[in-house]
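Here's a quick briefing on the fold you're about to look at. Have the sequence and the model side by side while you read.

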Amino acid sequence: KRDLSSAWAHGRNAIKEVSMNVLSENTGMNITALNQGSHFVDLNGVHLHYRVKGNGPLLFVVSPGWGIGSFYLQRGLEFLTERFRVVFVDTRGSGLSGRPSDPAMMGSNQMADDLDALRSHLGLSTIVLLGHSNGGAIALSFAQRYAERVSKLILIDSQLFGFSAAEDTHRFLPTRAENPDYSSAVNLAHH
């Protein structure tokens, strides 16, 4: 039984390797840069870190741009690695990625440009991109700037620039003050 499961695992790994080689030959994909593990690459004047986990179709997950990095996403989205080869990207100034010397170069547009430079470095024509919170704002910036290079965009509780959650909350609260499900929360918010 052990020999059979070992042969099955070896055969499955060989199929994955052949599949990856075929993709590489057909698309110019940088296979070594998509191996499992931690990777660093210098792009746009920044030492950028990304971690590859899992097997399957590629899925890029971008961290927020305010310093936390992608580790919380790696833990929280671990289940995705069962079906996808996930590329967790630490944005500039976050996680293990470097920070530019000019603080003015820490915006979402620059981080979107880094994603495009990473896409190009990996030899990919398009990417599937997931962003959570501020990472969603960066993903939206990428989709706006490089629409032809994003095949799918997934946003989870995304930050949207130009909208104010505080204003929306203040509009919502008076409409729920008389509702018993919300009344105590409305009272607390006003005090």
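How many salt bridges does the count come to? It comes to six, taking a salt bridge as a side-chain nitrogen of Lys or Arg within 4 Å of a carboxyl oxygen of Asp or Glu. Bear in mind that this is a predicted model, where local features need pLDDT of at least 70, side-chain atom pairs count only at pLDDT 80 or more, and totals for chains, interfaces and linings use all residues. Residues are numbered from 1 along each chain as its sequence is written, and side-chain values use heavy atoms, with hydrogens and water left out.

**Salt bridges**

- Asp116 and Arg119 meet through their side chains in a salt bridge at 2.8 Å, N to O. They sit three residues apart in helix α3, about one turn of the helix, and both are buried (under 20% relative accessible area; exposed is over 50%, partly exposed in between, with a 1.4 Å probe and protein chains only).
- Asp116 also pairs with Arg149, with the closest N and O atoms 2.7 Å apart. This one links distant parts of the chain, since Arg149 is in the loop between α4 and β6, 33 residues from Asp116.
- With a relative accessible area of 24%, Arg149 is partly exposed, while Asp116 is buried at 9%. Salt bridges that share partners tie Asp116, Arg119, Glu148 and Arg149 into one network.
- Elsewhere, Glu78 bridges to Lys53, the closest N and O atoms being 3.5 Å apart. Glu78 is in the loop between α2 and β4 and Lys53 is in strand β2, 25 residues apart. Both count as partly exposed, Glu78 at 37% relative accessibility and Lys53 at 22%.

**Strands and crossovers**

- Helices (H or I, at least four residues) and strands (E, at least two) are DSSP runs, numbered from the N terminus; two strands pair if DSSP finds at least two bridges between them.
- β4 is mostly covered, with six of its six residues buried. Arg85, Val87 and Val89 point one way and Val86, Phe88 and Asp90 the other. In a regular strand the side chains alternate between the two faces of the sheet.
- β4 pairs with β2 in the antiparallel sense over five bridges, with Val52 opposite Val87. β4 also pairs with β3, in the parallel sense and over five bridges; there, Val61 stands opposite Phe88.
- From β3 the chain crosses through helix α2 (residues 71–76) to β4, and this β-α-β crossover is right-handed (with the strands pointing away from the viewer, the path from the first strand over the helix to the second runs clockwise).
- Five of the six residues of β5 are buried, so β5 is largely enclosed by the rest of the structure.

**Nonpolar cores**

- A nonpolar core here is a set of buried Ala, Val, Leu, Ile, Met, Phe, Trp, Tyr and Cys residues joined through side-chain atoms within 4.5 Å. The largest has 30 residues, of which Tyr50, Phe60, Leu118 and Leu129 touch the most other members.
- Elements giving two or more residues to this core include β1 (37–43), β3 (58–62) and α4 (134–145), and α3 gives the most, with five.
- Phe60 touches residues including Val87, Leu118, Ile127 and Leu129, not counting those up to four places away in sequence (contact means heavy atoms within 4.5 Å).
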